[in-house]
Amino acid sequence: MSVTLEEIAAALDAADAATSRGPRLERHRLGLRGESWDEAFHARTVQVEGGHLHWLGQVNHSMPVLAHHRETRSAYRFAFALHHGRQPEGPVLPTCDYSGCVAGGHLADGPMRARRAVSPP
């Protein structure tokens with residue numbers, strides 16, 4: 001499934017209308033000092049059809065990167081921990097085919113991928 005730029009723009013417009021803190025992209029550009037890691041993550045994402053969470057932030061060598069207060073973290077690892085309530089073991093990779101998805105439920109760490117590899121479909 002592919003999402004058009006128009007659909008992403010419409011989702012961003014809806015997200016901007018739902019908040020009183022101003023446009024999502026403007027908050028991202030301004031780099032608000034008082035935001036938490038969670039707020040920084042959510043300010044750089046937009047929910048799209050299919051349960052995907054589209055990444056709007058930095059990308060370094062095709063890896064989504066969350067930069068906040070002069071520190072960077074893998075957006076995949078951050079989203080995984082946020083969703084699963086634990087730190088990932090080994091590399092975290094998307095399990096869906098949506099490019100730019102950082103939805104925690106669409107990410108798997110090493111042990112999860114190993115279990116899927118031995119489990120019958």
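In what order do the elements of the protein run from the N terminus on? In this predicted model, the order is α-α-α-β-β-β-β-β-α-β-β-α. Of its 121 residues, 35% count as buried. Among contacts between residues at least 6 apart in sequence, 41% join residues that are at least 24 apart.

An open sheet is formed by 3 strands, in the order β3-β4-β5, with antiparallel pairing. The edges of this sheet are taken by β3 (58-60) and β5 (71-74); each has a single partner strand, so one side of each is left without a neighbour in the sheet. Neighbouring strands of the sheet are turned against each other by 40° on average, direction ignored. In general, the strands of a sheet pair through backbone hydrogen bonds, in either a parallel or an antiparallel manner. Strand β4 covers residues 63-68 and is joined to β5 by 4 bridges, the two strands running antiparallel. For histidine 68, the bridge partner in β5 is glutamate 71.

Glutamate 71 also takes part in a side-chain pairing: a salt bridge joins it to arginine 73, with an N to O distance of 3.5 Å. Both partners are partly exposed, glutamate 71 with a relative accessible area of 38% and arginine 73 with one of 34%. In the whole structure, 3 salt bridges are found. Side chains of opposite charge can pair when their charged atoms come close.

Another salt bridge links the side chains of arginine 44 and glutamate 35, at 3.6 Å from N to O. Are these two residues buried or exposed? Arginine 44 has a relative accessibility of 6% and counts as buried, because the limit for that class is under 20%. Glutamate 35, at 8% relative accessibility, counts as buried as well.

A further salt bridge is made by aspartate 109 and arginine 86, whose side chains meet at 2.8 Å, N to O. Aspartate 109 lies in the loop between β7 (107-108) and α5 (110-118), while arginine 86 lies in the loop between α4 (75-84) and β6 (93-94); the pair therefore ties together parts that are 23 residues apart in sequence. Which of the two residues counts as buried, and which as partly exposed? Aspartate 109 is buried, at 0% relative accessibility, whereas arginine 86 is partly exposed, at 31%.

A contact between two histidines was also examined. Histidine 52 is located in strand β2, which spans residues 52-55. With a relative accessible area of 8%, histidine 52 is buried. What joins the side chain of histidine 52 to that of histidine 106? The two side chains are joined by a polar contact of 3.2 Å.

Technical notes:
Residues are numbered from 1 along each chain as its sequence is written. This is a predicted model: local features need pLDDT of at least 70, side-chain atom pairs count only at pLDDT 80 or more; totals for chains, interfaces and linings use all residues. Side-chain values use heavy atoms; hydrogens and water are left out. Two strands pair if DSSP finds at least two bridges between them. Axes are lines fitted to C-alpha atoms, for helices over the stretch in contact, and angles run from 0 to 180 degrees between N-to-C directions. A salt bridge is a side-chain nitrogen of Lys or Arg within 4 Å of a carboxyl oxygen of Asp or Glu. Buried means under 20% relative accessible area, exposed over 50%, partly exposed in between (1.4 Å probe, protein chains only). A polar contact is a pair of N or O atoms within 3.5 Å; within protein, one must be able to donate a hydrogen and the other to accept it, and residues adjacent in sequence count only if both atoms are side-chain atoms. Contact means heavy atoms within 4.5 Å.
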